[in-house]
Amino acid sequence: MSAATLLPVLPLRDIVVFPHMVVPLFVGREKSIKALEEVMRDEKRIFLLTQKEADVDEPSVDDIHSIGCIAKILQLLKLPDGTVRVLVEGVKRAKAVKFTQNSEFFEAEAEDIAEQNSDNPEMKPLINTVMSEFKRYAKQNKKIAEEVVTSVSDIVAPSKLADVIAVHLNARIDQKQSLLSMADVTSRLEEILSLIEGELSVMKVEKKIRGRVKRQMEKTQREYYLNEQMKAIQTELGNEGPDEIAELQEKIDDTKLSKEARKKADAELKRLKQMSPMSAEANVSRNYLDWLLSVPWGKKKRLRTDLKKAQDILDADHYGLDKVKERIVEHLAVQARTKKIKGPILCLVGPPGVGKTSLGRSIASATGREFVRVSLGGVRDESEIRGHRRTYIGSMPGRIIQSMKKAKYNNPLFLLDEIDKMGHDHRGDPSAALLEVLDPEQNDTFSDHYLDVDYDLSDVLFITTANSLNMSQPLLDRMEIIRIPGYTEDEKVEIAQRHLIPDMLKDHGLRKGEFKISEAAIRDTIRYYTREAGVRSLKREMAKLGRKAIKLIIGGETEAVSVTVKNLGDLLGVQRFRFGQTDKENQIGVVTGLAWTEAGGDILTIEAVAMSGKGKMTVTGNLKDVMKESISAANSFVQSRAPQLGISPRKFQSRDIHVHVPEGATPKDGPSAGVAMITAMVSVLTGIPVRKDIAMTGEITLRGRVLAIGGLKEKLLAALRGGVKTVLIPIDNEKDLAEIPENVKSALEIIPVSTVDEVLKAALISRPEEISWTASDEAALSGFILGEKVDVGERSAH
């Protein structure tokens, strides 16, 4: 290391000068100008040191790096504005070992830094690598001229090569200062190689980004150009429409959106403005805004508060159904008084054809609401109710929001039809999604997956329909159940005269006076050609009569058709059902039971026969577990009470009993046929016939008690349709007779019973003149009626 030389110092900003580097400098600071003036008087050498922070205008000794470059001044020119332009050439590295106390300019003792490892044997491969990488870098960096690459290739000295390449690198000031501070040539070349490779990787990424941006810009420019062309063509054709964005903005301003919905709409419109009009994302945003703005927000329809007019509309549309009508009028009364009521959720449960769906439309008309029907039969996907999220292609809102758009008001009547027919699978359970919809405490913040904002359903009047209560318990708990049982014969006659026949005449184009049907013919149609709880089959039969009539009239055979009891068979064909009696004669082991089905009540025939055997019990007729258990209980009771019933206990070891319920293709279940099972068994074992005009229903216990059953009204209607005269019901169901129509109660002899003994006393034949008796039969019956223990031995059933 050589002795230190005292030299003026020129602090530099944003530049590091290397040896062999020629660079112009613009000097404006007073101290720096004085340092240059001092140098020009002497040997024209100056010590160039870079500042640590470029934004410091008056640097101190601590603000300047200690290692720099001693440079030779080649040219100096004073400019009119007082600044100095100086051209310098770096000569060698040096280190400031000591700054002097010169107040006019910086001055320091500069000590030369000797090069190290310049003759290293590994230097040549390193030089070649650095040269090749620099050529690659210069090829991609358009700022480096070809002459520079050529001059760098001619350099032999490793130190000079490193310094010249360092000058042309796009490196930070601190990185270049680090290179200047390195005395070891090998380390300097390795660092330069690392910087070149880093720059190459950055340039590669930049090139990729530029290419992508260029392609996107070309696509955007092309779309913009085509859109402008399209607008120009439409303008020329006179089809220029309003600006879509402005139209959407106007809709958002005019719609009474909630705070959350407005914020969402504004954000979506802002996104839409930034998108290309033809892009897929723009279509998604446009569709979302269309749905959001098409749903009624705070738009209510004025509701009817005139109770008398509402009652008149309900009575005109439907005959009967007084309980449902009363509930609707009550709702209107509360609404008229409070002006605000959360819509009740009513569930109309009844067999097919009783008018549940049409009643919903009638309620909408009576209350002045818009009517919307949503069929839920077969729905298995939860997204049908809540909608799909916008991430899916072709996503849409659920049926609730779709129906609200259709209604155009936020207080319509929603009829959720066939709610008990919903299924569920791996896509979710739609009945669980309905829990929020049908809960008045929650549905004011209903959230659809597509809209993703809360929507108020509290003003909607929800009415659901079902054929049975076979639904989840939480869903049932949210609804007010109103049962609609089947119609009586008199009600069906009224419905036919008021609604079915006028509708049929209109549908078939029959004029006034061309078709008449007597009330007796209507009754015979109901009795002999239909057996149902509702009136759908009756409507079909009326339509059949209409077709026959129009055919005869158009064919010229007659001018008018009058349907009576006499010609009813000619028009409708052979009678399909019997009416007035279940069986033509009293029979042993044959009992008429009553059953409840989803289609209403029905008559159930129970047959029992006894044959020689070993006491085996056979059960057939497609019976389910509960009904089989009921037969087992009946068998146990009969065996336990055999002596009191006049049956020899030995008979159970020597006789097999077969109980059969006809219509084997129909599954049957439930405990309410227990009394009929016991009656059939006692009849077949005692040989005493059962009355043909009696029907019964009731669950039995092993102690002989008769327990309450469900569906009493449907069962009594079935008995009336089947021509039964007397019905035995559990005494616990006597309270339910208050809801049975008077004409049904007057047409039937209804006997409440509490024990099996009462059932057998009423059902088994007790009048000797009705059948031929044997002495043993009379003894058995007398013993049964008097409660005496009688052993009549082995009597054969007849």
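This is a predicted model: local features need pLDDT of at least 70, side-chain atom pairs count only at pLDDT 80 or more; totals for chains, interfaces and linings use all residues.
Residues are numbered from 1 along each chain as its sequence is written, and side-chain values use heavy atoms, with hydrogens and water left out.

Okay, E250. The answer is partly exposed, because its relative accessibility is 49%; buried would be under 20%, exposed over 50%, and partly exposed is in between, with a 1.4 Å probe and protein chains only. E250 sits in helix 7, residues 244-254; helices here are DSSP runs of H or I with at least four residues, strands are E runs of at least two, and both are numbered from the N terminus.

E250 also belongs to a surface patch of negative charge, along with E247, D253, D254 and D266. Patch members have over 30% relative accessible area and no salt bridge, with like charges joined within 9 Å; a salt bridge puts a Lys or Arg side-chain nitrogen within 4 Å of an Asp or Glu carboxyl oxygen. Helix 7 is the top contributor, with four residues.

Now the strands. Strand 2, residues 22-27, covers V23, L25 and V27 on one face and leaves V22, P24 and F26 uncovered on the other. Strand 2 runs antiparallel to strand 5, residues 84-99, through six bridges; pairing needs at least two DSSP bridges. There, V23 partners V88.

Strand 8, residues 371-375, has V372 and V374 on its covered face. Strand 8 pairs parallel with strand 9, residues 413-417, over five bridges, and F371 faces L413.

How values were computed:
Patches are made of residues with over 30% relative accessible area and no salt bridge: like charges are joined within 9 Å, nonpolar side chains (Val, Leu, Ile, Met, Phe, Trp, Tyr) within 5 Å. Accessible areas come from the Shrake-Rupley method with a 1.4 Å probe; for residues, only the protein chains shown count as cover. Lys and Arg count as positive and Asp and Glu as negative; His and the chain ends are not counted. The place of a charge is taken as NZ of Lys, CZ of Arg, CG of Asp or CD of Glu.
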